[in-house]
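This report describes a ligand site and the domains around it. The sequence and structure come first.

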Amino acid sequence: MSRSAHPAGPRHADVLPEGHYSAPPADLNRLDEKVWSRTVTRNEDGVLTVGGLTATALAEEFGTPAYFLDEADFRARCRAWAEAFGEEADVFYAGKAFLSRAVVRWLKEEGLNLDVCSGGELTTALEAGMPPERIAFHGNNKSAYEIERAVESGVGRIVLDSFQEIARVAHAAQSLGRRQKVQIRVTVGVEAHTHEFIATAHEDQKFGIALAGGQAAEAVRRALKLDGLELIGIHSHIGSQIFDTSGFEVAAHRVVGLLKEVRDEHGVELPEIDLGGGLGIAYTSDDDPREPHEIAKALRDIVTRECEAAGLRTPRISVEPGRAIVGPTAFTLYEVGTVKPLAGLRTYVSVDGGMSDNIRTALYDAEYSVALVSRTSDAEPVLSRVVGKHCESGDIVVKDAFLPADVAPGDLIAVPATGAYCRSMASNYNHALRPPVVAVRDGEARVIVRRETEEDLLRLDVG
Ligand code: LLP
């Protein structure tokens, strides 16, 4: 990411503070297609439109803050992933990025599978009609109830994350008279180049069973002995918001190494490997994500090469993109409430949401873009910080971005690429009401997750 303490171009102060920003873009009114969903554009009045509907009309009808999800884009991305991986591989959408019944139906229609990681996600998937055999169940500490429900409902696979869980799932399956398909999640010891909290394959963390020290080989030994389990493969997920496929290559190399050990020790060739999710998306114009077909080719090539070298049949590959499918498809629309230009620093633009609808900036120091969308402006760009309405100075939505100097209360601004891990990580901090998710497609808008109400809050408060 480019950083510059003294970007060129118009400024509102002689010296700009240190920050994560480039020079102001040449045209602040331009909506960079890299970060906005595919049907987003500006109409002749300068108002942002998505799926043919204006941001002003959407704000009028659904209020702000709200997430607007471009359904055509979501479906196109599902198809791109499915086509890139083809018949010989399986794409599981990672529901943790954002899940709702409508999303499950879209996935089902577009031929994708679904990865869930809690009883709540499983219920949503089943309720919305996802065939259980197309569901993978994850989690590092699944409850007895979750395990039983997953086995009972016939999920296609459970990804085992610990030695205790190997025994628990085998026991649940046997009690129900089932043989449950499982994969073992291993930690391959790769340092993914991403934020520490979303990197998952180095050894000093809570997920999976380490390849190092023979732990994963021991897990395979145990799983193969248990009647309730059908071990179908090995799973690895190295982290999230990763741009560089070299981490996946190392992971594939090490997973195939384990498959070879298993073949040598047990005479069994495990038929599948799952390389997890984690592919990065563009949050700002500086980000350059890889396309699904490039990723598919890179992963297929490395697995095939490694297997040939090891004398193994190439296993069926699966992947679990979450962010890369839903992330770019939505933006959050806010109304500006107050504007405070701080001389020599930056302008604070307060919106009607904040860390309750997007915790990622506070939690991961994530970078976002922002644009004035209810009109265009020729005013000079000023370094701005978009902040929320919570009682906390870390309540920042967009840390450093340029907005026109005339942004004023009542303007609508939008933050793109908020489809993943924003609504799904939203909170009621300060008793904020979580915003709705509105799906927009071909000139029609439909609420798929409604806005919370004060009654919703009080319903839980039974004291
Ligand atoms: N598969 C497994 C086993 C995972 O744990 C995850 C994400 C995924 C797939 C999907 O990863 P994706 O393709 O969406 O990167 N809240 C964080 C991200 C946490 C990711 C957790 N696991 C964020 O907002 O960046």
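Which pocket is the space taken by the ligand? That space is the largest pocket. On a 1 Å grid over the protein atoms alone, a pocket is an open set of points with protein on both sides within 12 Å along at least five of seven lines.

## Basis of the model

The model is predicted: local features need pLDDT of at least 70, side-chain atom pairs count only at pLDDT 80 or more, and totals for chains, interfaces and linings use all residues. Residues are numbered from 1 along each chain as its sequence is written, and side-chain values use heavy atoms, with hydrogens and water left out.

## The ligand shell

The ligand is surrounded by 19 residues, each with a heavy atom within 4 Å of it. Ser240, Glu320, Arg323, Arg360 and Tyr421 are the closest.

Tyr421 places a polar side-chain atom 2.6 Å from a ligand oxygen atom. The side chain of Tyr364 has an N or O atom 2.8 Å from a nitrogen atom of the ligand. The protein buries 91% of the 580 Å² that the ligand exposes when taken alone (Shrake-Rupley method, 1.4 Å probe).

## Two domains

An automatic or database assignment divides the protein into domain 1 (13-70 + 328-460) and domain 2 (138-321). Both domains give residues to the shell, so the ligand lies between them.

Methods:
A polar contact is a pair of N or O atoms within 3.5 Å; within protein, one must be able to donate a hydrogen and the other to accept it, and residues adjacent in sequence count only if both atoms are side-chain atoms. On a 1 Å grid over the protein atoms alone, a cavity is a set of points where a 1.4 Å probe fits but cannot get out, and a pocket is an open set with protein on both sides within 12 Å along at least five of seven lines; lining residues have an atom within 4 Å of a point. A molecule sits in a cavity or pocket if more than half of its atoms lie within 2 Å of its grid points.
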